[in-house]
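Please look at the chain from one end to the other before reading on, and keep the sequence beside the picture. The paragraphs below go from the whole chain to one pair of elements.

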Amino acid sequence: HNLAVYERLNLSPTPLRQICDPDGDDPNLLRDVFFIRAHAKQTLLIPAGWIHAVYSPQDCLVFGGNFLHDQGISNQIRVAQIEQQNSVPTHFKYPHFDELHWCALASIVRRALNGLGG
């Protein structure tokens, strides 16, 4: 569901605030949406493929980042495909995504071969 919503948001000419209106055209779009309030010194990890937004009503210092790992490869690749199909600008994409996945594949193959005595 998350990736279908992400694709719809990317393709829509409608402003995000109208799409996310619970009284709008598609209330099911927000059926699984929830809000989390993070406080000072807390860490929030979000699984691959989960749509998220950050709202900071006050000045604050936030460290954010994206992590690629072998447990989320299928979702990570699907997100990249959606971004490519929808012409998402480069500055919104994970930098060097393809190269990192080729390196990950090489590492996975190397570990598999070592496990087989190769």
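**The chain and a pair of its helices**

Of the 118 residues in the chain, 14% count as buried, where buried means a relative accessible area under 20%, with a 1.4 Å probe and protein chains only. This is a predicted model, in which local features need pLDDT of at least 70 and side-chain atom pairs count only at pLDDT 80 or more, while totals for chains, interfaces and linings use all residues. Residues are numbered from 1 along each chain as its sequence is written, and side-chain values use heavy atoms, leaving out hydrogens and water.

The chain has four helices and zero strands, and its pattern along the sequence reads α-α-α-α; helices here are DSSP runs of H or I with at least four residues, strands are runs of E with at least two, and both are numbered from the N terminus. Among the contacts in the chain with a separation of 6 or more, 66% come from residues 24 or more positions apart, a contact being heavy atoms within 4.5 Å.

Now turn to helix H1 (residues 2–11) and helix H3 (residues 73–85), whose axes come within 10 Å and cross at roughly 15°; axes are lines fitted to C-alpha atoms, for helices over the stretch in contact, and angles run from 0 to 180 degrees between N-to-C directions. That crossing angle makes H1 roughly parallel to H3, since angles under 35 degrees count as roughly parallel. On the H1 side, Leu3, Tyr6, Glu7 and Asn10 meet residues of H3 that include Arg78, Val79 and Ile82.

Definitions and conventions
Parallel < 35°, antiparallel > 145°, perpendicular 65-115°, else oblique. Buried < 20%, exposed > 50% of the residue type's maximum accessible area, 1.4 Å probe, protein only.
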